[in-house]
Amino acid sequence: MADNGLRAPEATVESLGIKGATAHWNLSPEELAEIAVKNGQAKTTSTGAITVDTGKFTGRSPKDRFIVKDEVTKDAIWWGDINIPFEAEKFDALYNKVIDYLSGKEIYVRDSYACADPKFRMDIRVVTELSWSNLFAYNMFLRPTDEEIQSTTPEWHVVCAPGFMADPEVDGTRQSNFAILNFSRKIALVGGTGYTGEIKKGIFSALNFILPHQKNTLSMHCSANVGKDGDTAIFFGLSGTGKTTLSADPERKLIGDDEHGWSDENTVFNFEGGCYAKTINLSEENEPDIWRAIKPGALLENIGFKGDTNEVDYADKSITENTRVSYPIYHIDNIQVPSIGENPKNIFFLTADAFGVLPPISKLTPGQAAFHFISGYTAKVAGTEAGIVEPVTTFSACFGAPFMPLHPTKYAEMLSQKMQEAGVSVWLVNTGWTGGPYGVGSRMKLKYTRAMITAALNGELSDVDYETHKVFGLAMPTTCPNVPDEVLSPRLTWEDKDAYDAKANELAAKFNANFEQFADYANEEIMAGAPTVTERA
């Protein structure tokens with residue numbers, strides 16, 4: 001076995017059971033990219049970033065994500081379709097098969113950590129079959145200093161072997177790919193898939209169990225930024241709602257764009273050291289920060305090219321609509337260092353309502369905030385997924401259900417308590433449709449959404465008049481700087497007011513039907529935040 005690269009004196013892959021491998025430790029991004037290109041696994045684009053094809057899987061596979069059910073997890077995890085149990089004995093056997101598969105190979109090892117707040121730091125060792133998977137780990141996790149690397153002892157391990165295929169009948173998986181968390185052994189095991197998002201989401205899911213359950217700290221699927229006066233803002237939202245776009249504000253420093261903790265010591269801290277952004281239809285005009293971040297060291301996934309050139313065609317969705325790029329956060333100019341802020345003053349729930357019902361901005365009561373947080377609503381429109389031709393309601397609890405091992409009300413109760421203790425203003429922002437549903441109305445102008453968020457951040461919506469939405473009970477400002485008054489009331493933007501009323505009731509009914517699964521766990525305040533289906537809005 002040959003080991004090379006910077007590492008702790010006692011650090012070996014043999015401690016994991018891997019034998020006879022050539023292990024490359026903590027290689028630089030340049031070295032990892034060069035190896036990927038040399039091995040024919042990547043191409044260099046005109047941006048200087050490399051691009052890879054992740055193979056059969058171009059996104060997460062939720063039905064193949066498991067959690068080992070044992071003494072640590074059996075009574076704590078919210079078991080079901082999202083958190084699927086896996087037998088400890090089956091995990092041990094499968095782990096040993098993966099380790100045997102990696103033995104004798106050329107592999108890549110990275111020492112990294114999660115959580116920018118030192119109190120919650122989790123040291124991680126990532127072992128990958130492919131160099132570009134290791135580049136992803138370099139980009140996405142926090143990077144220890146050389147001195148820290150030489151004395152690090154990892155708390156968790158990630159073992160990623162895309163080329164290993166499980167045998168479902170023997171190994172207990174659903175099919176050949178898998179992503180399994182073992183909280184007792186502190187291992188995230190990924191196999192049969194090259195999609196790099198499984199690496200980061202494994203650790204994120206682990207933190208979503210560890211922080212709330214063991215350390216009284218709320219974990220959140222959100223972006224965050226901080227103003228010149230130190231005021232932190234948090235942005236929750238599912239894919240396509242503008243979470244990354246709206247948190248990238250030239251007047252504010254980015255803390256992070258996807259995963260954060262909110263501690264009982266009044267800190268909001270980034271879990272990650274990088275960004276993993278969608279690139280479909282990316283343009284310099286609409287996403288200047290992401291555009292400029294795609295340079296040497298960045299890793300593009302599943303994109304196409306313009307003709308026979310190496311110039312990226314961001315409109316190309318021939319492989320997938322889920323084209324991605326990962327890059328270290330220092331590729332963004334305006335960032336908070338370290339990635340920590342104080343208690344937030346404003347929280348924004350972002351939704352792309354394709355039915356054109358929800359107000360472009362509204363202020364929530366604590367009960368409404370908890371209700372909408374648990375609901376995690378947005379809408380998918382035609383073209384986002386195969387077979388979707390009409391808007392489809394999408395509810396994802398806590399705006400990140402696939403990564404939440406505990407019951408959603410646990411996170412909601414923690415959020416509600418922290419919001420009230422910190423005196424946070426909570427806003428629901430519709431970045432979706434106005435003037436009618438998808439196909440009739442138009443998408444809310446980005447400049448209006450930015451103006452509304454800026455007004456909320458600057459306190460300019462504190463002393464204006466509000467009116468109450470008849471169905472959803474939301475407080476809607478009647479005026480906002482740099483936004484036409486008529487835009488602020490969704491019903492007024494529809495020509496057919498009766499059609500609006502019917503659509504509002506239709507959406508309200510879907511909210512309430514979805515929430516039935518949580519009703520037994522929700523208190524009266526949360527239930528009071530639900531919409532009321534009426535005969536007329």
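I take contact to mean heavy atoms within 4.5 Å, and I keep in mind throughout that this is a predicted model.

**Helices H9 and H10**

With that cut-off I looked up which residues join H9 to H10, and found that Pro-366, Ala-369, Ala-370, Phe-373 and Ile-374 in H9 meet Thr-409, Tyr-411, Ala-412, Leu-415, Ser-416, Met-419 and Gln-420 in H10. The axes of H9 (residues 366–375) and H10 (residues 408–422) come within 9 Å and cross at roughly 150°, and I noted the crossing as right-handed.

**Helices H3 and H6**

I then turned to H3 (residues 131–140) and H6 (residues 197–214), whose axes come within 9 Å and cross at roughly 45°. H3 and H6 are therefore oblique to each other, and their crossing is right-handed. On the H3 side I listed Ser-133, Phe-136 and Met-140, which meet Gly-197, Ile-199 and Lys-200 in H6.

**Helix H2**

H2 covers residues 88–102, and I noted that its 15 residues reach 21 Å from the first C-alpha to the last, close to the 21 Å expected at 1.5 Å a residue. Its buried residues are Phe-91, Leu-94, Tyr-95, Val-98, Ile-99 and Leu-102. Seen down the axis of H2, these buried residues fall within an arc of 140°, so they line one face of the helix. On the face turned away from that buried side I found the exposed residues Glu-89 and Asp-100. After H2 comes Gly-104, with a positive phi near 85°.

**Backbone points in loops**

I looked for positive phi at residues other than glycine and recorded Cys-115, at about 85°, and Asn-281, at about 60°. Cys-115 sits in the loop between strands E7 (106–114) and E8 (122–128), and is buried, with a relative accessible area of 1%. Asn-281 lies in the loop between strand E17 (274–278) and helix H8 (288–293), and at 55% relative accessibility it counts as exposed.

I also checked the peptide bond from Val-337 to Pro-338, which is cis, with omega near -10°; Pro-338 belongs to the loop between strands E21 (324–328) and E22 (340–342).

**Asp-231**

My last entry concerns Asp-231, which I placed in the loop between strands E12 (218–226) and E13 (232–237). Since buried means under 20% relative accessible area, Asp-231 is buried at 12%. Leaving aside residues up to four places away in sequence, I found that Asp-231 touches Asn-225, Val-226, Arg-252, Lys-345 and Leu-457.

Terms used
Residues are numbered from 1 along each chain as its sequence is written. This is a predicted model: local features need pLDDT of at least 70, side-chain atom pairs count only at pLDDT 80 or more; totals for chains, interfaces and linings use all residues. Side-chain values use heavy atoms; hydrogens and water are left out. Helices (H or I, at least four residues) and strands (E, at least two) are DSSP runs, numbered from the N terminus. The expected span of a helix is 1.5 Å times one less than its number of residues. Buried means under 20% relative accessible area, exposed over 50%, partly exposed in between (1.4 Å probe, protein chains only). The arc is that of the directions from the helix axis to the C-beta atoms. Axes are lines fitted to C-alpha atoms, for helices over the stretch in contact, and angles run from 0 to 180 degrees between N-to-C directions. Angles under 35 degrees count as roughly parallel, over 145 as roughly antiparallel, 65 to 115 as roughly perpendicular and the rest as oblique. A crossing is left-handed if the near helix is turned anticlockwise from the far one by less than a right angle, and right-handed if clockwise.
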